[in-house]
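Me: I'd like to go through a few positions in this one with you. Can we start as soon as it is on screen?

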Amino acid sequence: MGEQPIFSTRAHVFQIDPNTKKNWVPTSKHAVTVSYFYDSTRNVYRIISLDGSKAIINSTITPNMTFTKTSQKFGQWADSRANTVYGLGFSSEHHLSKVTELECVSSQANAVHSHKTELNQTVQELEETLKVKEEEIERLKQEIDNARELQEQRDSLTQKLQEVEIRNKDLEGQLSDLEQRLEKSQNEQEAFRSNLKTLLEILDGKIFELTELRDNLAKLLECS
């Protein structure tokens, strides 16, 4: 829709004397149309007045702007953006009251809009913070899952290590038994060899004796 007029009236327009800051200086020779405009797109109110083609008022209403009624037919407000103070002289108190009412409503609307903007910004910041926290939570969950997986792997490796240690103990026992059996077998072989050597020595002696006996018998036969 853009900017639309919501109220118009006629008034004498003044600006404060920039030198004295006290005296009013008329900006028009006669009463001119003063209009209230509302920009629904930007949610902004403006007071606009033209003297012919010259804009003598182009004031945007801000939340901290106050329209002050100084008499029954005169009101004023300070515009920090224009660096001046505007004054309006009306033909009746009714017109002044209407402008005062509109100024109050627009100021409140601007304040609400400003507050809404701040709230929206706060909500946006909270949403961004929440998003960051959610991402952090997801990251922590992933780290926890990874830690659990590592713990399961550690437990599995620990169990396998224990099983290997048990098998090693069994093998050590079997090896010790084999070593004992081998040592016993070696001892038995040594005893067998020793007994065999003794037996061979005895046989050698017996063979020697038999040889001598045979030789003696042969000699006796020759003598006979």
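Me: Ser 59, buried or exposed?
Reply: Ser 59 is buried, with a relative accessible area of 0%, where buried means under 20% with a 1.4 Å probe and protein chains only. This is a predicted model, in which local features need pLDDT of at least 70 and side-chain atom pairs count only at pLDDT 80 or more, while totals for chains, interfaces and linings use all residues. Residues are numbered from 1 along each chain as its sequence is written, and side-chain values use heavy atoms, with hydrogens and water left out.

Me: Where does Ser 59 lie, and what does its side chain make a polar contact with?
Reply: Ser 59 lies in strand β5, residues 54-60 (a strand is a DSSP run of E, at least two residues, numbered from the N terminus). The side chain of Ser 59 reaches the side chain of Asp 79 at 2.6 Å, as a polar contact (a pair of N or O atoms within 3.5 Å, one able to donate a hydrogen and the other to accept it; residues adjacent in sequence count only if both atoms are side-chain atoms).

Me: And which residues does Ile 47 touch?
Reply: Leaving aside residues up to four places away in sequence, Ile 47 touches Val 34, Ser 35, Tyr 36, Ile 57, Asn 58, Ser 59, Ile 61 and Trp 77, contact meaning heavy atoms within 4.5 Å.

Me: Changing topic, where is Ser 28?
Reply: Ser 28 sits in the loop between β2 (24-26) and β3, and is buried at a relative accessible area of 9%. Its side chain reaches the backbone oxygen of His 30 at 2.9 Å.

Technical notes
Helices (H or I, at least four residues) and strands (E, at least two) are DSSP runs, numbered from the N terminus. Buried means under 20% relative accessible area, exposed over 50%, partly exposed in between (1.4 Å probe, protein chains only).
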